[in-house]
Amino acid sequence: MKHSIGKNILLALLAVITVFSVFTVLDRGGQYIGKDYFKSDRFQNELVNFEQGLVPLIIATPDKNELIKNITVSMDDIQEHRYRYGDMQEQLDSIKSQYEGRTDEASIAARDKKIDDISKNFTDDKHIEEKIRKEKEMKIESYFKSIAREKSVFEKSYSDFVYDLKNVETNEHYTNGKMEAKNAFKKVYSGNSGYLHESRIYYSVGFSEYVENSFDTSYTAVTGETTTVKVEADTDMSDLLGDRLGRFEGTIAIPNASILNGARSSDYNAFIAQQRFFYAVSAIGLIAGIAFIVLWRKTKDSFRLVEVEETYRRLPIDVKLAVIMVIIVAAIGFISSLSSSAFYLYANYTLNNNHYFNFTSIIFNALCAIVLTLFALYQWKWLISNNRTVQSFLGEWENSLVYKWSLSLKGFFLKRSIGVQILVLLVVVFFWGFGTMLVFVAGAAILVWIPATLFIGIPVLVVLLSKTAYLNRLFVKTEEMARGVLRNEMEVKGKSVFADQAASLNALRDQMKSSHSEQAKSERLKTELITNVSHDLRTPLTSIITYTDLLKNPNVTDEERASYIAILDKKSMRLKTLIEDLFEVSKMASGNMELDRRKVDLTQLLQQAIAEHQEEIDKSGLDFRVTIGTKPIMSYVDGQKWWRVLDNLILNAIKYTLPGTRVYIALDEVDKEAIFVVKNITKYELGDDVDELAERFKRADTSRNTEGSGLGLAIAQSIVDLHGGILRVEVDGDLFKVTVKIGVI
């Protein structure tokens with residue numbers, strides 16, 4: 001048993017060495033593979049810093065006195081200084097508020113002095129100009145004081161660099177020593193290889209921070225007021241010095257002596273040692289990987305811990321996978337930290353005598369990595385041995401927590417396509433977006449992210465899936481309604497958008513039920529229509545057939561013949577009118593009727609219509625009360641069709657008004673609308689359903705003994721609708737009222 005455990009620990013150690021080597025190659029391969037010291041990132045950064053500092057600090061530093069002498073103050077400078085803290089009143093109010101409540105003589109004198117200074121700022125350009133000039137002088141003084149200190153640091157830091165350069169524009173020559181024949185490093189600047197182009201202003205990051213802190217300079221202005229000047233290196237100095245680029249040719253080099261035994265030798269030797277260490281780690285990792293594969297094949301059956309394995313087998317398969325994933329991630333994290341610690345210790349071995357912390361860190365990371373890797377190998381072996389076939393894995397999966405959760409969320413997959421899409425979206429956004437971001441920002445965060453995902457993210461996901469299940473039930477209910485199945489209402493849970501959708505779905509259900517009721521009514525009216533059409537067509541047709549047969553009798557007298565022919569003529573005309581009205585109303589309902597709109601005086605048209613039926617009105621015994629103004633009411637209508645509306649409504653009143661009663665007809669213009677009203681007392685009981693009166697062949701005379709076709713109101717309704725107007729029928733007991741509205745011009 002001890003022998004097996006020893007082999008297992010050796011396997012874990014080989015696995016750690018292999019992964020350690022892989023991390024080393026991936027992390028540091030770009031620094032060491034195929035590179036020498038002078039191509040390393042560290043030296044190249046040094047070279048860039050040297051080039052950026054050489055021109056502004058050493059060879060092309062501007063003349064301070066010349067800059068101060070050439071200071072100019074523009075009107076823009078004056079205006080900026082004048083309104084820097086607001087307009088005059090705002091600045092005065094600010095000073096007064098600062099000294100409010102201070103009544104001692106010193107405070108009053110200081111306040112008055114500042115108020116006087118502000119007043120001069122807005123009245124005397126010379127006053128401001130002197131202050132601005134002094135500010136610029138102090139900025140230049142501060143800048144040169146700062147670069148003097150930076151120059152000292154620069155020369156000390158890059159003392160092993162030798163340069164021999166010439167300004168291409170001025171032919172000025174600059175050198176700090178003799179250029180040796182043999183150099184460890186050499187870079188030539190020329191028209192072919194590229195000139196050295198650098199700014200006259202020093203923009204080093206460290207220097208910018210130093211300048212920003214050290215440019216808070218106090219001075220006493222002309223007014224006696226103490227002023228603080230703060231310089232921003234990247235903006236103010238470019239305005240004062242002129243951000244021109246110098247162009248130089250020549251050579252920069254590092255002598256061999258500096259590499260062999262000079263200041264750069266330790267850095268150079270450290271790079272060589274690290275490069276050798278990198279290659280050694282890579283080779284050892286390759287050997288360890290091969291040894292791990294060979295030893296794993298021979299000893300993989302020795303991973304047996306009976307009691308632990310039995311407990312492990314009782315865990316759900318998804319818990320097993322989560323545990324091994326966490327262990328593997330943690331092991332990789334310790335190995336990554338081990339790689340960094342080992343290189344840090346090796347790189348600083350010759351420079352740092354205190355290695356206790358780094359050495360302790362290496363031991364700790366190595367032990368943790370080995371133990372975690374050993375646990376991962378044990379679990380991997382147990383997982384493989386318990387799930388050798390797909391069937392065995394599926395059998396374990398049915399007992400997993402995820403599978404049980406999925407059963408409790410069956411509703412989530414009622415609408416599978418959207419369920420899968422939402423699930424994929426949630427997984428990608430949560431695991432990839434949040435987790436990956438943390439891992440890339442801070443590698444160690446992965447140790448927190450994995451447990452957070454398992455114990456926080458997944459439960460939240462379950463809640464989201466429950467919401468989606470509710471949404472799927474909404475989809476299923478919608479599909480049922482689409483098939484015409486109107487069962488119980490959808491349960492409205494909470495106040496979420498899903499609950500709002502459920503309420504809307506219930507409202508739609510009520511509308512559909514109402515629609516079904518309307519459809520049933522429509523079917524009833526259709527049946528009545530067929531019955532009424534059949535009756536109204538059969539009545540004159542029966543008379544025509546009957547009197548035609550009578551005419552065939554040779555014994556018919558001339559007087560009888562004339563009477564029969566008159567009846568035939570009347571009935572045929574009646575039949576013709578019915579058929580024409582039926583075709584006309586059908587044509588209007590299908591939308592095939594075209595209107596010839598023109599400017600028509602509705603007042604004159606109504607007067608003509610009433611005059612046309614005056615004889616019938618007189619015979620009817622009805623009292624027509626007509627209210628029509630003399631003012632023209634103009635509208636764009638089809639005059640012939642609109643005449644038909646008026647004619648039908650007047651005839652309808654003549655036929656169906658109770659004898660001896662009044663008929664009221666009125667036409668007026670209200671709010672850019674012509675309103676035509678007909679009111680009368682009906683001779684027949686109309687019933688409660690007013691809307692049916694406008695149906696085709698619907699008549700108040702249900703016995704259908706009158707001469708009406710039943711199409712009058714239907715035709716009038718269709719014509720008004722085609723014109724974009726409104727026809728409304730109202731019934732109050734026996735009072736029948738028709739209102740027609742149409743826009744006027």
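A crossing of two helices is called left-handed if the near helix is turned anticlockwise from the far one by less than a right angle, and right-handed if clockwise. These legends describe a predicted model, in which local features need pLDDT of at least 70, side-chain atom pairs count only at pLDDT 80 or more, and totals for chains, interfaces and linings use all residues. Residues are numbered from 1 along each chain as its sequence is written, and side-chain values use heavy atoms, with hydrogens and water left out.

**View 1. Helices H21 and H23 meet in a right-handed crossing.** Here helix H21 (residues 602-612) packs against helix H23 (residues 639-656) at an angle of about 50°, and their axes are 10 Å apart. That angle makes H21 oblique to H23. (Under 35 degrees would count as roughly parallel, over 145 as roughly antiparallel, and 65 to 115 as roughly perpendicular, with the rest oblique.) Axes are lines fitted to C-alpha atoms, for helices over the stretch in contact, and angles run from 0 to 180 degrees between N-to-C directions. Helices (H or I, at least four residues) and strands (E, at least two) are DSSP runs, numbered from the N terminus.

**View 2. A look at the residues where H21 meets H23.** From H21 come Leu602, Leu605, Leu606, Gln608, Ala609, Ile610 and Glu612, and from H23 come Gly639, Trp642, Trp643, Leu646 and Ile650; contact means heavy atoms within 4.5 Å. By class, that's nine nonpolar, two polar and one charged residues. (Ala, Val, Leu, Ile, Met, Phe, Trp, Tyr, Cys and Pro count as nonpolar, Asp, Glu, Lys and Arg as charged, and the others, Gly among them, as polar.)

**View 3. Asp671 sits in the loop between strand S11 (662-670) and strand S12 (673-681).** Most residues other than glycine have a negative phi. Asp671, though, has a positive phi, near 50°. Asp671 is exposed, with a relative accessible area of 72% (exposed means over 50%, buried under 20%, partly exposed in between, with a 1.4 Å probe and protein chains only).

**View 4. Lys672 lies in the loop between S11 and S12.** Phi of Lys672 is positive too, near 65°. Lys672 counts as exposed at 60% relative accessibility.

**View 5. Phe38 and Phe185 form a stacked aromatic pair.** A search of the whole structure finds 23 aromatic pairs. In this one, the ring centres are 5.5 Å apart, with 25° between the planes. (Rings of Phe, Tyr and Trp, its six-membered ring, pair if their centres lie within 6.5 Å; planes under 30 degrees apart count as stacked, over 60 as edge-to-face and the rest as tilted.) Phe38 counts as buried at 12% relative accessibility, and Phe185 does at 11%.
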